[in-house]
Amino acid sequence: MAERGASGSGSSGDSLDKSITLPPDEIFRNLENAKRFAIDIGGSLTKLAYYSTVQHKVARVRSFDYSGKDAEQDHEPPYEISVQEEVTARLHFVKFENTYIEACLDFIKDHLVNTETKVIQATGGGAYKFKDLIEEKLRLRVDKEDVMTCLIKGCNFVLKNIPHEAFVYQKDSDPEFKFQTNHPNIFPYLLVNIGSGVSIVKVETEDRFEWIGGSSIGGGTFWGLGALLTKTKKFDELLHLASKGQHANVDMLVQDVYGGAHQTLGLSGNLIASSFGKSATADREFSKEDMAKSLLHMISNDIGQLACLYAKLHCLDRVYFGGFFIRGHPVTMRTITYSINFFSKGEVQALFLRHEGYLGAIGAFLKGAEQDNPNQYSWGENYAGSSGLMSSSPELCPTQRARSGTFDLLEMDRLERPLVNLPLLLDPSSYVPDTVDLTDDALARKYWLTCFEEALDGVVKRAVASQPGSVDAAERAEKFRQKYWSKLQTLRHQPFAYGTLTVRSLLDTREHCLNEFNFPDPYSKVKQKENGVALKCFPRVIRCLDALGWEERQLALVKGLLAGNVFDWGAKAVSDVLESDPQFGFEEAKMKLQERPWLVDSYSKWLQRLKGPPHKCALIFADNSGIDVILGVFPFVRELLSRGTEVILACNSGPALNDVTYCESLIVAERIAAMDPVVHRLDKGLAVLVRERGADLVVIEGMGRAVHTNYYAALRCESLKLAVIKNSWLAERLGGRLFSVIFKYEVPAE
Amino acid sequence: MGAGRLGMATERHGRAADASASSAGEPAPGGPGGRRRELLRRRASSASEPPVGASAEGVRRSRPGSYSGAPSVSRQRVESLRKKRQLFPWFGLDIGGTLVKLVYFEPKDITAEEEEEEVESLKSIRKYLTSNVAYGSTGIRDVHLELKDLTLCGRKGNLHFIRFPTHDMPAFIQMGRDKNFSSLHTVFCATGGGAYKFEQDFLTIGDLQLCKLDELDCLVKGILYIDSVGFNGRSQCYYFENPADAEKCQKLPFDLKNPYPLLLVNIGSGVSILAVYSKDNYKRVTGTSLGGGTFFGLCCLLTGCTTFEEALEMASRGDSTKVDKLVRDIYGGDYERFGLPGWAVASSFGNMMSKEKREAVSKEDLARAMLITITNNIGSIARMCALNENINQVVFVGNFLRINTIAMRLLAYALDYWSKGQLKALFSEHEGYFGAVGALLELLKIP
C-alpha cells in the first residue's frame with residue numbers, strides 16, 4: 001500500500017487533511033465501472049459503498065464437435081478449454097477517517113468514468129455536514145437516508161450473506177472471538193446500537209422493525225463525561241485509560257458495604273453497589289485511569305441491563321451490539337458481554353458483528369439499489385479483497401493504534417445462485433459443515449497453515465502452467481503468491497480475521513486470491529489430461545466389473561470409488577506421487593489402499609442394505625476430475641442406475657483445485673453416455689431436483705466433502721461418506737495411517 | 001398494631017439484670033444553646049468525648065453473646081418480659097453504604113415508677129436524642145418526620161428519625177461504648193450492609209451484639225407499616241400532578257389502599273428494585289449501581305461540592321440542556337421515525353464531547369445534568385421492571401429523594417410519559433427510613 005498520512009485516531013476531525021497522498025487503486029478498486037454510491041459518515045469514520053462490475057477470466061470447457069471425427073482417437077483431449085472474460089457484480093466498501101474525506105472524494109471524481117449515477121445515498125450523523133462537499137466534488141445529488149433504517153438493512157444483509165458474521169466475545173479464551181453459525185432464520189432479533197446514545201430496536205422481518213427503547217447513557221456519555229473527568233479528549237484514549245484502571249478505587253463495591261461478610265451471605269464482593277460511590281469525598285484524588293474504568297463499567301453495565309430488560313420483555317435471546325462504542329473495541333465488548341451475562345443469568349447472548357462498522361453504508365447502498373433488488377441475490381465475502389477483522393485491543397496489538405488511520409476494505413461478490421441448505425439435512429439450523437474449527441484448535445491450525453504455505457509453490461507453478469500463452473502469467477502468479485502468503489500470515493496472528501478459520505475457508509481464500517489475479521482454474525490442463533486418460537480406461541474398467549459376481553462387484557465398486565479418490569492434487573502426499581510418477585494409475589492406487597477392516601468401516605452394513613430394495617434416488621457429491629469421477633464414481637453410478645435407482649451427480653459450480661466442475665461433469669457424463677447406454681443426464685437446480693426426485697441416499701466422497709466438512713452432518717436419509725485419508729497428520733489424528741479408509745454408512749434413526 | 005410477640009432469647013433480657021444499677025450517669029446534653037457533644041464526627045477520638053464513668057468497667061463484664069454466668073434478673077426487667085415487651089431503648093438501625101439511618105422510639109407514657117427505676121444511661125440516651133436536632137457535626141434528626149403519639153407494643157410515644165454518614169460509624173460505636181449501651185443489655189437490631197461490616201466493631205469496641213436483619217425484609221416491612229400508620233394524620237404516600245409544569249405541579253396525597261402488587265424502588269447509594277405481592281411475598285427484581293452515590297460521587301468530581309445538599313442546590317440552578325445532547329440537537333426537532341420528542345435526551349453529557357461546549361458549561365449545569373442522567377436512568381429501569389413484572393404502581397423511596405423535588409418530579413413525569421399514562425410514580429414522606437423502621441419492628445417482633 002502506498003503511503004498514507006499519519007493521524008490521530010478516533011477523534012472527530014473538523015479540519016480536513018488535504019495533504020495526504022491517497023493510496024491508489026489498491027483502495028478504491030474497480031472505480032471505473034462503479035455505478036452506484038452510498039456513504040455513511042459517522043463522528044470519526046466515513047464508510048463508502050459502491051457497486052461495480054469486475055471483469056475476470058473464467059475457464060470454460062467445451063465439447064469438440066465429434067461429427068465426422070473419430071472420437072476415440074488417441075492423444076486427443078476429451079474437450080477444449082477456453083479462457084473467457086466474464087463480468088460479475090461486486091460490492092465494494094471502504095472505511096477511512098473523516099479527515100481523508102476530501103482527498104477521497106477528489107480521488108473518486110478523478111477515477112469515475114463510466115458512471116450514469118446521479119445520486120448518492122448518504123446516512124450517518126455527518127451526512128448533513130458534508131452534504132455540500134459531496135455534491136460539489138462528485139456532482140451527485142445527496143439523498144439522505146434514515147440512520148436506523150440503513151443500519152438494520154445492513155445488519156440483515158450481513159447476517160444473511162456472511163457466514164460467521166456474528167460472534168460472542170469471550171475475554172479469557174484464545175482467541176477471544178467465538179463465531180456463530182448463521183441461523184437460517186435470522187429474525188427476530190434485538191439490535192442495540194450504542195452511538196452517542198443508545199437505540200434498542202426489535203427487528204422482526206426484512207422490512208419490519210420497531211424502536212422499542214433507548215437510553216441517553218451511551219458512547220457520548222462515556223466520551224463527554226470521560227473528557228470532563230480526565231481531561232482526555234479522544235475516545236480511543238479514554239478507552240485506553242480505562243483498560244489500565246482499577247474501578248474498585250472509585251466504585252463502592254458490595255464488599256465495601258458489607259465488609260468481609262459478603263462471602264457468608266453468598267454475595268459476590270466485587271459487585272458494584274454504587275458506581276463512583278467512593279468519589280463522594282473531597283479529600284481524595286482519583287487517577288484518570290481508575291475513573292475512566294469506573295465510567296466504562298457504569299455505562300456498559302447500564303446498557304447491558306437495559307438490553308436484558310428489553311430482551312426479556314420481548315422474549316428475545318439474541319442481542320446484536322453495534323455503534324461506535326463497540327466498533328471492535330475488545331474493552332467495550334468485554335464489559336458489555338459481562339453485563340449481559342450477569343443481568344440475564346446467561347439467558348441472553350451478546351453478539352457482535354465482524355462488519356459492524358459497515359452496516360450503515362451497506363444499508364444506505366441497499367436503499368439506493370432497491371430497483372436492482374440486491375436482496376434477491378446471495379453475496380459472498382471476497383477474502384482476497386477484504387481486510388478482515390483486526391483485534392484493536394492496545395494490549396493485544398500494539399500497532400493497532402495506527403489502525404484507524406488506515407483504510408479498511410470489504411468486498412462482496414454476487415454469487416451465481418442463492419445458497420440454500422440441502423433439504424435432506426436433518427436439522428439445517430444446527431448444521432455446521434466444518435469438522436474442525438481451526439480458530440479453536442491451535443495445533444490443527446498450525447499444521448494446516450504450514451501445510452498451505454508449503455503447498456503454495458506448487459500452486460504457483462500450476463497456475464503459471466495453466467496459462468502457457470500468457471505473457472504476464474509469471475508476474476501475476478507471483479502477486480498471487482504474495483497475497484495468499486500475507487493472508488496466511490494474518491491468519492496465523494489473527495485466526496479470527498475472517499470468521500471461523502477452517503480448512504474450507506483456507507481453500508476458499510486461496511481460490512479468491514487466484515481469481516483476483518486471473519487464474520480461474522490452474523488445474524484445468526491437468527484435469528483435461530486426466531479426464532482424457534480416464535475416459536479411455538472406462539470401458540475396460542466396466543468390463544472387468546461386469547465379469548465379477550454380484551457380491552465381489554459391490555466391494556470392487558467401493559474400492560474403485562476409494563482408489564479413485566486417491567487422485568487428489570490437493571493432497572500433498574498424492575501430488576508428490578503424481579508429480580514424480582506419471583504412470584501412477586488406478587491399479588497402483590488400489591494397492592495403496594488400506595486393507596479391511598478400514599479405519600471407519602460399515603461396509604458390511606452397506607452390503608446388507610444393497611441386498612434389500614433399491615434406493616429411489618441417490619445424490620452423489622463427486623470430488624476430483626479424472627480417474628476419481630470417471631473410474632471411481634461413474635461405475636458406482638452405473639450400478640445404482642441398473643438397480644433402478646435414479647442418480648443425481650452434484651459437482652462444484654466453479655473450479656477448486658482438481659475438483660470436477662459442473663461443466664466438466666456434463667461433458668464427462670455426455671461422453672460416458674455415448675459409450676454406455678445406462679447413463680443419462682439431467683440439468684436442474686440441485687435442491688429442486690432433490691425434492692422432486694425424493695432422494696433417499698446421499699453419497700459424499702472425498703476428504704474435503706466427507707472429512708473436513710460434513711463428517712458429523714446428520715441427514716434425514718441414508719448416507720455414505722467415504723474418503724481416503726491422504727494426509728498423514730490427519731490420519732494420525734484419527735488414529736490411522738496414510739491412505740486409511742473412511743467408509744461411513746449411516747441410516748437415520750426412525 | 002398491638003403488642004408484638006416475643007421471640008427473643010431470654011438470656012439477653014436476663015443479662016440486663018444488674019446493669020440497671022451500675023450504668024454510668026451520662027450528663028444530658030444541654031438545650032439547643034447548651035453544650036453540643038461531638039457525637040457523630042469524623043474520626044472522633046475518645047479524647048474529645050467526656051470520659052465515661054468508671055462504672056463502665058463493671059458493665060461490660062458480661063458481653064452479649066456470651067451467655068455464660070447466671071445473671072440475676074431485676075424485678076423491673078422481669079415485668080417487662082412478662083408483658084412480652086422488648087426492653088427500652090427501642091432502636092432500629094439501617095447502615096447503608098453512605099448513610100446510617102436510625103429510628104428511635106421515645107416512650108411518652110413513662111410512669112413515675114418507671115421513671116424512678118429507669119437506669120441513668122437509658123434516660124440520658126433519651127434526653128440526648130430527643131432534645132437535640134443535630135449530633136456532632138454530621139448527625140441530624142429529621143424533626144419534620146417525627147411520628148407523634150404512636151402506639152407500639154402497647155406503649156405510646158414518638159418515633160424519631162436520625163441520620164448520619166456511614167463513615168462516622170466508628171464514632172457512633174465509640175459513643176455507644178462511652179454511653180454504656182451495653183449496660184442496658186439491649187438488643188440492637190440492625191440492617192443494611194453495614195450491619196455485617198460493623199458487626200465486629202460493635203462487639204469488640206462497643207460490647208454490643210448486633211441482631212443482623214435482612215435489609216429487604218426490613219424495607220418491605222417498614223414501608224408497609226409506616227404507610228399504615230400514616231404521617232401524623234396525613235397521608236404517607238403522595239404523587240405529583242402535572243409534574244412537568246412548574247406552575248401547575250402539585251403534590252397530592254395518595255391512598256395506598258391497594259398496595260399490591262407494588263414495585264418498590266429503593267434509591268440509596270445504589271438502587272434495589274423489588275416486586276412486592278403481599279406482606280410476606282416479595283422478590284428483588286434487579287438493581288443498579290447508578291444511584292444516589294453515583295450522582296453525589298460524580299458531582300463531587302465534577303463540581304467540587306462536598307455535600308449532597310450542595311450538589312442539589314447547584315443542580316437546582318443549572319441547565320442540563322447545555323450538557324446533554326437532545327434529540328432536537330441531532331434531528332433538528334422530533335425524530336418522528338421513532339416517535340421521539342425533540343426535548344428527549346439523546347445522549348447524556350453528549351455535548352461534552354466537544355471542547356467548546358465543555359468550556360461553556362457551569363458547575364451548576366453539570367450538577368443538573370448529573371441529576372437528570374441518574375434520575376432518568378432509574379426511571380427507565382423501573383419502568384422496564386414494572387412492564388416485565390406487570391405492575392403499574394411504583395413507589396420510589398430512599399434518601400436520594402430527600403429534598404430532591406427535581407428528581408421526584410422527573411421520575412413522575414418520565415414514568416407517565418413513557419408508559420403513556422399506564423404507570424404511576426408514588427413517593428413516601430419517610431423516604432429513606434423504611435429499613436430502619438423495619439429493623440425496629442423486628443426488634444419488637446411486630447409482624
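A salt bridge is a side-chain nitrogen of Lys or Arg within 4 Å of a carboxyl oxygen of Asp or Glu. In this predicted model, A:K312 and B:E389 form a salt bridge, with their closest N and O atoms 3.8 Å apart. The rule finds one salt bridge across the interface of chain B and chain A.

The model is predicted, with local features requiring pLDDT of at least 70 and side-chain atom pairs pLDDT 80 or more, while totals for chains, interfaces and linings use all residues. Residues are numbered from 1 along each chain as its sequence is written, chains are lettered from A and ligands numbered from 1 in the order in which they are written, and side-chain values use heavy atoms, with hydrogens and water left out.

The interface was examined next. Contact (heavy atoms within 4.5 Å) links 51 residues of chain B with 52 residues of chain A. The size of an interface is often given as the accessible area lost when the parts come together. Here the two chains bury about 4,100 Å² between them, 66% of it on carbon and sulfur atoms; this buried area is the accessible area (1.4 Å probe) lost on being put together, summed over both parts. Across the interface, 18 residue pairs are in polar contact, both residues being at pLDDT 80 or more. A polar contact is a pair of N or O atoms within 3.5 Å; within protein, one must be able to donate a hydrogen and the other to accept it, and residues adjacent in sequence count only if both atoms are side-chain atoms. Elements giving two or more residues to the chain B side include strand 13 (282-288), helix 11 (292-303) and helix 15 (363-389). Helix 15 of chain B gives the most, with 12 residues. Helices (H or I, at least four residues) and strands (E, at least two) are DSSP runs, numbered from the N terminus.

Cavities came next. The whole structure holds eight cavities of 30 Å³ or more. A cavity is a set of points on a 1 Å grid over the protein atoms alone where a 1.4 Å probe fits but cannot get out; lining residues have an atom within 4 Å of a point. The largest cavity has 23 lining residues, and A:K95, A:R354, A:H355, A:E356 and A:L389 lie nearest its centre. Strand 16 of chain A gives the most to this lining, with three residues.

The backbone was also checked. Most residues other than glycine have a negative phi, and most peptide bonds are trans. The bond from A:F187 to A:P188 is cis, with omega near -10°. A:P188 sits in the loop between strand 7 (177-179) and strand 8 (189-194) of chain A. The bond from B:F88 to B:P89 is also cis, with omega near 0°.

Note on methods. 1 Å grid on protein atoms, 1.4 Å probe; cavity = no way out; pocket = protein on both sides within 12 Å on 5 of 7 lines; lining within 4 Å. Points joined across faces, edges and corners; volume = space filled by probe spheres on them.
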